Amino acid sequence: MTQKDPAPRFPSIPDISERDSVDQFHREELQLALRNRGMPLEAMRYPITPSGIHYLLTHFDIPDVDAGQYRLNVGGLVSNPLSLNLNDIKARPSRTMAVTMECAGNGRSLLNPRVISQPWFTEGIGNAEWTGTPLKGILDEAGLKNEAVNIVFSGADQGIQGDEVQVYQRSLNLEEANREEMMLVYEMNGQALQPQHGYPLRLLLPGWYGMASVKWLDSIQVIGEEFQGFQMTTSYRYTQVKGEPGEPVTLIRVRALMVPPGIPDTVTRNRLATTGTHLLTGRAWAGRLGISRVEVSVDGGLGWSDATLGEQASTFAWRPWSFEWNAVPGWHTLSVRATDTDENVQPVEQFWNAQGMGNNMAQQVRVLVE
Ligand SMILES: Nc1nc2c(c(=O)[nH]1)N[C@H]1C(S)=C(S)[C@@H](COP(=O)(O)O)O[C@H]1N2
Ligand SMILES: [Mo]
């Protein structure tokens with residue numbers, strides 16, 4: 001009698017035609033994913049994310065900016081309009097700060113149903129060290145007039161979104177713009193910004209989701225009313241129905257992620273780990289709030305235990321955590337969730353909204369222990 005092959009531990013996945021529709025990703029999603037890379041979660045081992053592994057998101061094309069000709073124009077409702085070249089900006093007071101950036105669409109692919117847009121699972125993150133000059137210094141020098149209401153930041157990139165030809169633009173109210181952590185940055189991890197990260201100069205708004213940190217910053221215009229640009233009024237809104245105004249997407253919501261333990265199966269990314277003690281590690285962040293607690297579940301969310309918290313490099317940088325897991329044979333679903341200093345806890349269910357923004361549901365990792 002011949003012996004039957006044992007069932008595979010990591011079976012190959014079924015053919016596309018046999019799969020559930022949430023698992024069928026579209027050509028456009030693939031195209032977006034190839035342009036906009038994510039940070040592999042094992043890179044959370046580095047307290048400061050190396051530039052080449054930091055996530056990336058660009059709506060249109062990376063524009064061609066000649067740094068020699070570059071000028072940042074500050075105008076509108078100001079008493080002293082400015083036109084600064086890169087050296088003028090570098091000559092100003094400088095500051096270096098570690099800041100965790102996260103794309104507002106991070107978690108989108110965990111939603112069911114989901115909109116066709118950048119299909120992040122949880123890898124739209126990074127924690128680089130940025131060098132630049134405080135935005136407030138520039139605003140003070142330009143001198144905002146009394147009628148000032150909004151500050152509009154324009155990038156050098158253009159494209160079409162929602163059938164509207166546009167420059168990438170975002171705005172801030174005066175209170176936010178004058179916060180001391182807001183910066184204009186020209187270096188990432190001690191080197192000039194790479195073209196894809198906004199060379200030669202970008203805005204960096206620590207605590208805000210990434211869309212607010214305008215790359216290839218071209219101009220700062222002070223206006224006397226609420227800015228009505230596409231990236232403010234139509235995109236980046238928490239809505240339940242496509243087209244309704246909803247609420248604006250602003251600050252980063254609380255999230256923890258773990259470095260998946262053991263070794264991965266190439267296709268499914270499920271894990272294989274050995275029986276015994278594993279030190280689970282990861283990072284947690286909550287925009288401008290602190291992290292008060294991180295909990296780990298080793299049984300798919302039935303029970304939660306506290307992880308040990310480490311020190312963060314800055315108020316706006318992620319916080320390390322660790323947890324000792326005594327792994328016993330069999331399949332396990334590991335999960336982690338964080339609580340911020342305002343008592344917001346990550347949900348274990350999807351945070352559904354029509355644009356797929358801010359879905360901070362707790363991460364799950366499938367692991368086979370042998
Ligand atoms: N000019 C411009 N700025 C931009 C974008 C863009 O497409 N154009 N994308 C935004 C979005 S959605 C995110 S998440 C961050 C990503 O920054 P990174 O690519 O340096 O990680 O840049 C923001 N700034
Ligand atoms: Mo983003």
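Colleague: In which loop is the place of Asp163?

Modeller: Asp163 is in the loop between β5 (150-161) and β6 (164-173), where strands are DSSP runs of E of at least two residues, numbered from the N terminus. Most residues other than glycine have a negative phi. Asp163, although not a glycine, has a positive phi of about 65 degrees. This is a predicted model, in which local features need pLDDT of at least 70, side-chain atom pairs count only at pLDDT 80 or more, and totals for chains, interfaces and linings use all residues. Residues are numbered from 1 along each chain as its sequence is written, chains are lettered from A and ligands numbered from 1 in the order in which they are written, and side-chain values use heavy atoms, with hydrogens and water left out.

Colleague: Which peptide bonds are cis?

Modeller: Most peptide bonds are trans. Among the cis cases here is the bond from Asn112 to Pro113, with omega near -5 degrees; Pro113 is found in the loop between β3 (95-102) and β4 (125-134). The bond from Tyr199 to Pro200 is also cis, with omega near 5 degrees, and Pro200 lies in the loop between β8 (191-192) and β9 (202-204).

Colleague: In what order do the four strands of the open sheet run?

Modeller: Strands of a sheet pair through backbone hydrogen bonds, either parallel or antiparallel. Here the order is β13-β16-β20-β19, with antiparallel pairing; two strands pair if DSSP finds at least two bridges between them. β13 (255-258) and β19 (308-309) are at the edges with a single partner strand each, so one side of each has no neighbour in the sheet. β13 and β16 (residues 276-285) pair over four bridges, and Trp285 in β16 is the bridge partner of Arg255.

Colleague: How many residues surround ligand 1, and which are the closest?

Modeller: A residue counts as near if one of its heavy atoms lies within 4 Å of the molecule. Ligand 1 is surrounded by 20 residues, the closest being His59, Asp157, His197, Arg202 and Lys215.

Colleague: Which distances involve the side chains of His197 and Arg202?

Modeller: A polar contact is a pair of N or O atoms within 3.5 Å. An oxygen atom of ligand 1 is 2.6 Å from a side-chain N or O atom of His197, and an oxygen atom of ligand 1 is 2.7 Å from one of Arg202.

Technical notes
A polar contact is a pair of N or O atoms within 3.5 Å; within protein, one must be able to donate a hydrogen and the other to accept it, and residues adjacent in sequence count only if both atoms are side-chain atoms.
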